[in-house]
Amino acid sequence: MEIKSYLNTQKQLVESAFEEFFPLAEGEFKAHIEAMRYSLLAGGKRIRPILCIAAAQAVSEIEVANKNILPVACALECIHTYSLVHDDLPAMDNDALRRGKATTHVAYGEAEAILAGDGLLTWAFDLLSNPQYNGLDADKKLRITHCIARAAGSFGMVGGQTLDITNENSTFPFETLQSIHRSKTGALITASVVTGAIAANASPKQIAALEQYGNHIGLAFQIVDDLLNVTATTKQLGKAAGSDVELGKATYPAFFGIDKTRELAEKTVEDAKNCLTDFDEKALPLRLLADYIYTRSH
Ligand code: GRG
């Protein structure tokens with residue numbers, strides 16, 4: 001299996017699901033929905049929904065297009081996209097470029113961008129709970145919803161973003177950096193893997209192993225993001241390169257230099273793959289995704 005073609009196929013699957021689930025820009029709220037669609041459909045690697053699908057595939061024979069997995073996968077991408085829209089705002093990172101396009105506040109204005117982010121976050125929970133889209137039983141729905149809410153909120157992504165912003169231009173211990181990375185980026189990535197597994201009826205033992213896998217790749221993802229911020233170009237990334245130094249952010253390269261950071265990222269990816277030893281060949285996509293997280297160029 002080629003990771004490139006796997007990623008392309010799953011990405012198309014996720015994007016067609018958005019066409020099915022996401023409201024059209026029409027009617028009374030046309031302008032608001034247009035701003036949400038602008039950011040959601042602007043591209044992006046769709047790593048979180050793909051991880052959700054891959055985790056489901058790792059524990060069952062289910063068809064990838066299983067109606068119960070795609071709404072969860074799409075909800076994760078809605079939350080991720082909202083976080084990018086808000087992260088780009090002038091009050092936060094103040095970025096003008098995202099996914100190779102003007103950021104939402106540049107295209108639609110600040111108030112619309114805030115509301116587009118709010119709408120995307122809330123829509124995620126609509127998707128998760130609405131029986132029209134999601135045929136999971138009530139217990140699974142509740143577990144998945146709670147897992148995602150916890151990962152996205154004050155004890156996960158939002159908490160991590162707060163730590164990140166309040167620590168700009170200051171020195172702090174490495175443990176704080178790890179904690180920022182694990183909560184700001186890692187928590188939603190772990191939730192992507194865990195919720196895919198729950199939706200596909202994984203056993204508690206499988207869920208525990210996949211949670212560990214998710215923790216490692218979540219951290220690796222942000223370490224590589226730190227690296228790319230200093231080694232890649234704005235054109236390659238589709239967002240501002242070099243912004244971490246400009247904003248005075250502490251990062252892995254700032255702590256360890258580029259070579260050591262690469263080593264640490266590679267080791268973290270190996271740790272992730274080691275969590276999959278009890279899984280059979282159905283976990284191949286998860287193994288390849290771990291490698292991809294290390295080798296990605298944007
Ligand atoms: C609650 C007001 C308010 C704002 C929330 C939580 C938050 C703002 C921002 C944190 C999210 C953030 C920017 C995390 C960094 C994670 C990261 C590496 C993002 C880039 O993810 P990719 O590479 O992007 O998957 P694509 O564009 O491919 O989806």
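Which helices each supply at least two residues of the lining of the largest pocket? They are α1 (3-21), α3 (47-59), α4, α8, α9, α10 and α12 (243-246). Keep in mind as you read on that this is a predicted model.

## The largest pocket

Let's start with the open space. The largest pocket has a volume of about 1,200 Å³, and 50 residues line it. Nearest to the centre of this pocket lie His-80, Leu-84, Arg-98, Asp-225 and Lys-239.

Sorted by class, the lining of the largest pocket has 18 charged residues, 18 nonpolar ones and 14 polar ones. This pocket is also where you will find the ligand.

## The shell around the ligand

The ligand is surrounded by 21 residues, and the closest of them are Lys-45, Arg-48, His-80, Asp-87 and Arg-99. By class, the shell around the ligand divides into eight charged, seven polar and six nonpolar residues.

Four helices each supply at least two residues of this shell: α4 (69-87), α8 (157-166), α9 (174-199) and α10 (204-231). Of the elements, α4 gives the most to the shell, with six residues.

## Polar side chains at the ligand

For His-80, an N or O atom of the side chain is 2.7 Å from an oxygen atom of the ligand. The side chain of Arg-99 likewise has an N or O atom 2.7 Å from a ligand oxygen atom. For Arg-48, a polar side-chain atom lies 2.8 Å from an oxygen atom of the ligand.

How much of the ligand's accessible area does the protein cover? On its own the ligand has 740 Å² of accessible area, and the protein covers 88% of that.

The structure holds one cavity of 30 Å³ or more, and about 90 Å³ of space lies in the largest cavity. It is lined by 13 residues, with Ser-39, Val-85, Arg-98, Arg-99 and Thr-104 closest to its centre.

The elements that give two or more residues to the lining of the largest cavity are α2 (30-40), α4 and β2 (101-102). Here, too, α4 gives the most, with three residues. The lining of this cavity divides into five nonpolar, four polar and four charged residues.

How values were computed
Residues are numbered from 1 along each chain as its sequence is written. This is a predicted model: local features need pLDDT of at least 70, side-chain atom pairs count only at pLDDT 80 or more; totals for chains, interfaces and linings use all residues. Side-chain values use heavy atoms; hydrogens and water are left out. A residue is near a molecule or strand if one of its heavy atoms lies within 4 Å of it. A polar contact is a pair of N or O atoms within 3.5 Å; within protein, one must be able to donate a hydrogen and the other to accept it, and residues adjacent in sequence count only if both atoms are side-chain atoms. Accessible areas come from the Shrake-Rupley method with a 1.4 Å probe; for residues, only the protein chains shown count as cover. On a 1 Å grid over the protein atoms alone, a cavity is a set of points where a 1.4 Å probe fits but cannot get out, and a pocket is an open set with protein on both sides within 12 Å along at least five of seven lines; lining residues have an atom within 4 Å of a point. A molecule sits in a cavity or pocket if more than half of its atoms lie within 2 Å of its grid points. Ala, Val, Leu, Ile, Met, Phe, Trp, Tyr, Cys and Pro count as nonpolar, Asp, Glu, Lys and Arg as charged, and the others, Gly among them, as polar. Grid points are joined across faces, edges and corners, and a volume is the space filled by probe spheres set on the points.
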